[in-house]
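Me: I am new to this structure and would like to learn how to read it. Please take me through it feature by feature.

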Amino acid sequence: MKKLIPLCLAVLISSSAVAADTSKTVLQVYTYDSFVSDWGPGPKIKAAFEQECSCTLKFIAEEDGISILNRLKIEGTKAKADVILGLDHALISEAKKTGLIATHQQNFANLKPSLNWSDDSFVPYDFGYFAFIYDSTKIDTPVTSLKELVNSDASIIYQDPRTSTVGQGLMFWINAVYPNQTSAAWKSLASHTVTVTKGWYEGYSMFLKGGSDYVLSYTTSPAYHLITESESKYKAADFSEGHIAQIEVAAALNTSKHPQLAQDFLRFLISDQAQKILPVTNWMLPVIKDVPLDAAFTQLITPSPINMDIEQLSAQRKAMIKVWRSSAVK
Amino acid sequence: MLICTVTLLSFYGLIAFNGQGADLELLSDSYFHSILIFSIKQALLSALISTVLAWPIARAIYYYPNLLFKRAFLSLALLCFVLPTLVLITGFVSLLGRSGIITPLLGPDWNLYGLHGILLAHVYMNLPFAIRAFHAQLQNIPASSWMLASQLKLSGWQKIFLIEWPVLRANFNLTFGFIFILCFNSFAVVLALGGGPQSTTLEVAIYQALKYDFNIGEALTLAWSQLLIAGTFFVLLYRSNSVSWLSKDTRGDYQLPCSSSWQKIRYGLLYSCTLIFMLTPLLALLPGVFAADYSRSIIGNILEALSLTLVLGIICASVAIALAYAIMLPIRQSILQGKTRKTLVLQWLANHSLIAPAMVLSVGLYILFLPLIDLDSVGMIFVVILNIMMVLPFAIQQIRARLLQYDSDYAVLSQSLKLSTRQKLSIEWHYSKSVFFSTFALVIMLAMGDVAIFSIFGSDQLKTLPWLIYQYAGSYKINEASLASAVLLLLYATLLFNLERAKQHA
């Protein structure tokens, strides 16, 4: 027993001393797990940015976008990150309430005018439309509207709107399509929901293993299967009510000890180089003009967007979550 | 006392966080009602199914003592009970998940996520526990009862009601209550198999309020509700007695009524079914183990998590046993001096952390220390402290009997012999060595399986093996989860083997 104690201490000390290259500045970024996975944009973005910054880029992954915000709220000024990457436009006002978000010094001349972007703190880095994905070899006639899906008995997987920006997107979608019967719509959906996952990656992986008929994701998800797997069976269902758009954003924290480096990274995110990486790794659409896209992207559905008042939505977010969690209980 | 301070601190945290009180509005929210009802419903069902099924199985083992692998069966039963729940969940997912091995046989409506899965996992963990408890109790039937029964020519039913039931009755209620509390406080199973908001218990809702919403007011309300309900149940239970489920089978010479061959077949069948039920989820890990990707990073992750888990377990178990011994000193003193009331108070204080669920204590401390220190870097210290508190009552319970017996046998003698403290300790050590080893094995298993405390205080950089399994299973990497689970299972089986051996030598 006595021999064990020094051994334990030795292991504890050695395992807590995380090996780090101390010669370079380290820029720490909070993001979500699929961003940093081997097939995600993380490794390529890291390699490209480190080449020009002579720094070390370190990603710290949470399960999904909202978890990043929650972590920020929990840690407050003790947050380790210099940059947060992976919130979406609906979370901007809530994120700003933490008082931790720094204003950026970016020039948006190159952004697509359709995004109509003018925020002073957050930088958009990609965007997409939420959609339900299905396997066309299993489903011959997919649903053509959100209402049809809600009323069907097709098994679905979606993400928790408290943690995932994708789940939050569905929440806005349901609220837009059922402004007065939100609760009833959630109840109907719950009767054929397999599970509600914490993050997008967890839910999508489960769907790919045959977990459900439909999974909540993006219209661009089939491009991933087309390009990396030459697999054309996964398709996005085109809904007649229109689709909710999501703009993913990043921002620097004002607690960062490397504010200039953080700004450099934000600038890099909307550079040609990064914008070419993101569509074929994060499987979302570029935010700047004239980025050549793989031919696979032309095979995707072109959804009609639902126009939404983001300010109003973020204000109602908490109330919407309450309705959801009371109704989604079986 | 140190442990009391920790509890008090966490309650202080629960009472006030920056003046932000509990969110009482939640109490009238239908969400709160439905999780409350669900928590109680699943716990009641789990306890009911486990105890009712355990009864005939315990009888089968009792009446048919020559069953094959009986000793192994009882060890396996203990393993099922102490096994980290995530190992089990991985097994169930690869068996019964959407693309599970057995799933196609269950029809299109089968869904592991939700009440089905939760009940299945809870019964799996607690049925063997109940079998062990009932079996131990049945062995207490004196041989004379059976002789009397055969002289009186009692029928089968009469035997059950006149001989078995009186012995089992108290134990039945106790086991039921104990399983109810365990399931009511269950965390990992519900988190992994609940399927989101569809089936959430209070324990998981606390975690979600804190980590999903960062809604401290709600977390406080939920934690207090959890504490009140679990606490009330525990006090009710504590007043009745403790379950002697780990007692070794000492009496080898008990005399049994003869069973007819028809009965033997029935008992044998029941026994085999249970054995299959207990083994299948564990064997279901094998396909994943063979198919796993043995890349350097995955092996590295597993080994790193394994060493952290072991280190945490060893520290927790050593400190817990040392503390248990220290706590027993004043209790033994007061027993020797015949102060009954003082003894009771001391024992209650020693066991008080059983009342407060790990999640409630963790949340209290978390909220208290959040604004004060960087919890991310010292979180591990809290994981250790809280785990020690959680396993301490078990450690005390285990070493208590042996130490008290030592006192009653030798205390007077050693006093009159005027032995030095060193000599006394050495005699005491020789007397209770085996109990200390078996307690160490039990306590380390309980501490290493923790997920609830780690989920609050743990960090991304340092993961315990159960948490790594949760993450693998969460991202549906069932092969990797199976591999990690198999490693943990092997570790537990080894520990358990040593525990049972130590008990036999005791």
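**Domains, chains, strands and core**

Reply: The centres of domain 1 and domain 2 of chain A, taken over C-alpha atoms, are separated by 24 Å. Domain bounds come from an automatic or database domain assignment. This is a predicted model, in which local features need pLDDT of at least 70 and side-chain atom pairs count only at pLDDT 80 or more, while totals for chains, interfaces and linings use all residues. Residues are numbered from 1 along each chain as its sequence is written, and chains are lettered from A and ligands numbered from 1 in the order in which they are written.

Me: Which residues belong to domain 1 and which to domain 2 of chain A?

Reply: The assignment gives 24-126 + 247-296 to domain 1 of chain A, and 128-245 + 299-327 to domain 2.

Me: How many residues of domain 1 of chain A are in contact with domain 2 of chain A?

Reply: Two residues are in contact if their C-beta atoms, placed from the backbone, lie within 7 Å. Here 22 residues of domain 1 of chain A are in contact with 25 residues of domain 2 of chain A. On the domain 1 side, α2 (33-36), α4 (65-75) and α5 (92-96) of chain A are the elements giving two or more residues. Helices (H or I, at least four residues) and strands (E, at least two) are DSSP runs, numbered from the N terminus. With three residues, α4(A) gives the most to that side.

Me: Why is β4(A) described as largely enclosed by the rest of the structure?

Reply: A residue is buried if 20 or more other C-beta atoms lie within 10 Å of its own, exposed if 12 or fewer, and partly exposed in between, with C-beta atoms placed from the backbone. In β4(A), 12 of the 13 residues are buried, so this strand is largely enclosed.

Me: Which strands pair with β4(A) in the antiparallel sense?

Reply: Two strands pair if DSSP finds at least two bridges between them. β4(A) is joined to β9(A) by six bridges, antiparallel, and A:G128 stands opposite A:Q246 in β9(A). Antiparallel pairing with β10 (residues 285-286) of chain A runs over two bridges, with A:D126 opposite A:P286. Five bridges join β4(A) to β7 (residues 214-218) of chain A, also antiparallel. Three bridges link β4(A) to β8 (residues 234-236) of chain A in the antiparallel sense. A:I133 has A:V215 as its bridge partner in β7(A) and A:A236 as its bridge partner in β8(A).

Me: Which residues touch the most other members of the largest nonpolar core?

Reply: A nonpolar core is a set of buried Ala, Val, Leu, Ile, Met, Phe, Trp, Tyr and Cys residues joined through C-beta atoms within 7 Å. The largest one has 249 residues, and A:V83, A:I84, A:A250, B:I206, B:A320 and B:V443 touch the most other members. Helix α13 (residues 296-336) of chain B supplies the largest share of this core, 17 residues. Not counting residues up to four places away in sequence, A:V83 touches residues including A:L27, A:A250 and A:F265.
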